[in-house]
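Subject: Structure handover

Hi,

Here is the structure I promised to pass on to you.

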Amino acid sequence: MKQRLVIGNWKMNGSLADNTLWAANFRHQLKSCALTGVEIGICPPFPYLSSMRPMLPSSIRLGAQDVSSECIGAFTGEVSINMLKELQCHYVIVGHSERRARMRETDATIAKKFKLVSLAGLTPVLCVGETQQERQQGETESVIIRQIQAVIDACGAGSLRGGVIAYEPVWAIGTGVSAELGDIRTTHALIREQLSANGLGPDDVALLYGGSLKPGNSEEIFSLPNVDGGLIGGASLKAGEFLDICLAARGTPHNRVTDIAQKYDN
Ligand code: PGA
């Protein structure tokens, strides 16, 4: 079995004090368990990238939640791919549904960002997913295919090799209700088919599920075919919960750390 991948997306949460506590808790709890066989990434907000690096175990990779579609120049407030590279980011999330909806990011902009990340040698994490309305209208398949095809058309299928796609149904994000196992299975199979039709095998692209993933549902979700790991929002803010999800991704029975972690956790 290939190595699973778990990435925490902190969104606009945290502070210097909170992050320091999170890192201390994570390291402390990590002492009681072996985290081999799972790759872990953390995506804090931009301002905390450099302070987080030395606080994390070296095996944990840093990621950014977004990147500018431009490389340099008069783009106030933007953060370039070269800056992220300098800050030792390994992953860069592109096309998160919150940016698609709130910042009106189009498939074309997202494809441009994806291309910059992949040309810079960092690992893009392309988020795709349907809204509740699209789901009710039976458009899930066409939306997912369109969002992935936009990247293939703009960057070439080869640019996805070594990359990550996260299927995140918009209606499952931050709601506490994850997608049904059957729906995750069906959509991940659909993505695999689309990738395979473009010459990409199962080991070429990691497929993550995201949307209310938590310690209570992670084992069953990770056991589904074509699920290589998870993109975790809310549950990644608690070091103990995040670690439990990472342990579930390892694929072997484990002692839950959440309970013993309560007294340490923020
Ligand atoms: P959630 O967020 O785990 O809080 O649902 C997932 C995400 O937005 O990546």
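Asp204 sits in the loop that links helix 8 (181-197) to strand 7 (206-210); helices here are DSSP runs of H or I with at least four residues, strands are E runs of at least two, and both are numbered from the N terminus. This is a predicted model, in which local features need pLDDT of at least 70 and side-chain atom pairs count only at pLDDT 80 or more, while totals for chains, interfaces and linings use all residues. Residues are numbered from 1 along each chain as its sequence is written, and side-chain values use heavy atoms, with hydrogens and water left out.

Back to Asp204: leaving aside residues up to four places away in sequence, Asp204 touches Leu160, Arg161, Gly162, Gly163 and Gly199 (contact means heavy atoms within 4.5 Å). Asp204 and Gly163 are 41 residues apart in sequence, yet their C-alpha atoms are 7.4 Å apart in space. The Asp204 side chain also reaches the backbone nitrogen of Gly201 at 2.7 Å.

Next, the ligand. It is surrounded by 13 residues, and the closest are Lys11, His96, Glu168, Gly174 and Ser212 (a residue counts as near if one of its heavy atoms lies within 4 Å). A backbone N or O atom of Ser212 lies 2.7 Å from a ligand oxygen atom.

Helix 9 (residues 215-222) packs on helix 10 (residues 239-249) at about 20 degrees, with the axes 9 Å apart; axes are lines fitted to C-alpha atoms over the stretch in contact, and angles run from 0 to 180 degrees between N-to-C directions. That makes helix 9 roughly parallel to helix 10 (angles under 35 degrees are roughly parallel, over 145 roughly antiparallel, 65 to 115 roughly perpendicular, and the rest oblique). Pro215, Ser218, Glu219 and Phe222 of helix 9 meet Glu241, Asp244, Ile245, Ala248 and Ala249 of helix 10.

In the other pair, helix 5 (residues 107-119) and helix 7 (residues 140-155) pack at about 55 degrees, their axes 9 Å apart, and are therefore oblique to each other. Here Asp107, Ala111, Phe114 and Lys115 from helix 5 meet Arg146, Gln147, Ala150, Val151, Ala154 and Cys155 from helix 7.

Best wishes

Technical notes: Polar contact = N/O pair within 3.5 Å; in protein donor to acceptor, adjacent residues only side chain to side chain.
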